[in-house]
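Me: Please take a close look at a single part of this model. Keep it brisk.

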Amino acid sequence: MKLWSKIKILLLFLLLFGFCILPFAGAYIHTAYLESKINRLSTDPDTEEDQNTFPIAYQLKIVASSTGDSSAGTVQLQENEKSLKPEQLYAPVIEQLKLMAEKGAVPNYQYGNKALYSSNGKVLYFVSGSESHPLVVRDLTMNYGTITVSLLYNTENDIIYDIYMSGSGMKELMSSFQADNSYLKYLDYLGVSEKYISAPQGEGKHVVSYDDGSVQLGFFYSYSSESLNYWVED
Amino acid sequence: MKYYWKLFFAIMLTCSFFLSLGGFALIETGFQKSYDREAASARQMNSLLYYSLKKEAMQEYTVEGNAVLINEKAVFSYFAKSVSFGQTTEGLQFRILDLEHKVVYSNFSLKPEIDWKEQVPQGELVYFLDREQGKKIIRVLRPFKFWGDEYYLENLWDVTNIYNKKQEQYQIFVEIIAAMLVFGGSIAAVISYLLVKPLKRLSTASTLIGKGNLSLRIPVRGTDEVAMLSSQFNLMTEALQRKIELIEEEARNKELFVAAFSHEIKTPLTAMIGFSQRILGKAAGDSDLEISAGYIYEEGRRLEQLSMKLMDLIVLDREEIELEPVAASFFFSHVINLVSPMLNHAGIALEAEMEEGILWIESTLMETVCVNLIDNARKASSQGDKIRICGSRRDNGYDFSVTDQGIGMNPEILSQITKAFYMADKSRSRKEGGAGLGLAICDKIIRMHHAKLEVNSEQGCGTSMTVHLYGYTGEEDDETME
């Protein structure tokens, strides 16, 4: 074989090697390109629009999806309102509880300030693509001794989204409470239109579906002689 | 470069190129999508931080009379301590910078490599890839206002995992490409061999046919292009064989004609020469008759020699010779004895210098060669010139040369001199009784000996004709002779 032929074969082997390492060179260039690229994006202008002005069903949807899957981001803020006393801070919530009792959604009780409060702080629920309007909620537990009320409420419009009542004092309260249709009172309290509500389903008929065409939700409720619970799920 | 290598590299280069390109496109596209997703998460994290800060921290601590934290750094620090994403604060790395990019608050101690200090206008967000202690991070910066001053909220988003994943994919790719080189290379080598094999067969066949094996045919297998080529090659060989047979037949006919003609004119020529001698004998005193008879005699002799040489040529073609070892000294002394009278008569000196050795020759025919070469040298020389005969041994043979100091020949003539009836100087040759067949006969005899004739000549300086004989075995042959 002539020298030139040998050189050509050698060059072709080198070319073959070059083709084989081509992706690595490409990857190096791609990384270098990404590292050298400064990306600029315009951000959404801040508006005064508040998520709380959205329909209640949409608010409930955000709560349900945030406590369920990860379609909405959540930011938790530990308790930092040290300047306000709990009686002042939670007075609007007690008013809402009284309103629910009036409507027949929860048993009548002397919901007052004299309770032991505990809270994990505020939670901001962000909807993807609309981060400028988070829904600010707080979970709160009020211990009245014989009964304990745990609830999730909106810190800005004070609407209670989820509630769980339990304790030894519940037996007496539930004996005089019409629990069978209380879920309708609860929906009435929330302001959810009945025309989008289906009949209770499931074993024990403790699930009610909501579908207004754009929002689909499940209202769950359960009760016994010692407890009462309302919550929403996606 | 051989066709085999061309095919091999064509297959391998095409495969490796598209495999590399495909692998690169697949890995990098996947990586880019992951990177975009991570960048979106980093931006979203920045947004969540920003709106959390805006929604809560900025409101909570700006209430007049209720302020428990009196400077920005304390506010940011308290916010950082209280905030968590989802269930954990792990991985949440952010810092607040002033407009000169000095750190006001930071919840991490990392030092990114890029010292980026450009200004970002309000309403814009900037993000870029950076490195920190071997990690790849996306940095997102957003300007915001707090207590009337402007700051940057910067968060870091670790994307090392997607780079690690990419590296893992490239490691797999290396294994794939190595397997391709080994297995693909083997397959490409086999494919190339199978494709080249019929072409090699064709090449070998054409070489053998070129050497005269016209009866050879290539087996035709399949119906592909190579099979068609083989078939056409066979047809071409058949046509060539028929043509050559025809030419050979014609040549044989010509030979027969020349042989018959030479034979037929021999008897009348003998009569003509004999009668012209008788006329010459009785023409004393009649000069015209003497001249005419002499002319008839000379031309008759020339024609007789011509016919004899033609016969020799034809006979040589049909003869198979048997080579015998002959001592060089014996052979050349015999030749010198033969030519000496002729050269003495022409006034030309002969100088001989022969090495001892054995010649594998047919003596009579090689003697003809020597005599012809010396006779040609004589014809080219003038009175007083010298002709030199030299002989020397080689490893596998014996060379001898006849050199004259005559008129020489130019290169155009040199290429023609072994052709029958060719005469470099016709008038001179005819005057010397030549017919243009001497060197043709020499050439034929030399080829019958599987030897080689080499002619070197320069016009006006003389000619040297060398015969390279093969089959000389040196002292072993000397012993054989003894």
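This is a predicted model: local features need pLDDT of at least 70, side-chain atom pairs count only at pLDDT 80 or more; totals for chains, interfaces and linings use all residues.

Reply: Residues are numbered from 1 along each chain as its sequence is written, chains are lettered from A and ligands numbered from 1 in the order in which they are written, and side-chain values use heavy atoms, with hydrogens and water left out.

The part is strand 4 of chain B, residues 124–132. Helices (H or I, at least four residues) and strands (E, at least two) are DSSP runs, numbered from the N terminus. Strand 4 of chain B is mostly covered, with seven of its nine residues buried. Buried means under 20% relative accessible area, exposed over 50%, and partly exposed in between (1.4 Å probe, protein chains only).

Now its partners. Two strands pair if DSSP finds at least two bridges between them. One partner comes from chain A: strand 1 (residues 38–42) of chain A runs antiparallel to strand 4 of chain B, joined by five bridges. Within that pairing, A:Asn39 has B:Tyr127 as its bridge partner.

Another partner lies in chain B. Strand 5 (residues 135–146) of chain B is joined to strand 4 of chain B by seven bridges, again antiparallel. B:Lys135 in strand 5 of chain B stands opposite B:Glu132. The hairpin of strand 4 and strand 5 of chain B has two residues between the strands. There, B:Gln133 takes a positive phi near 50 degrees.
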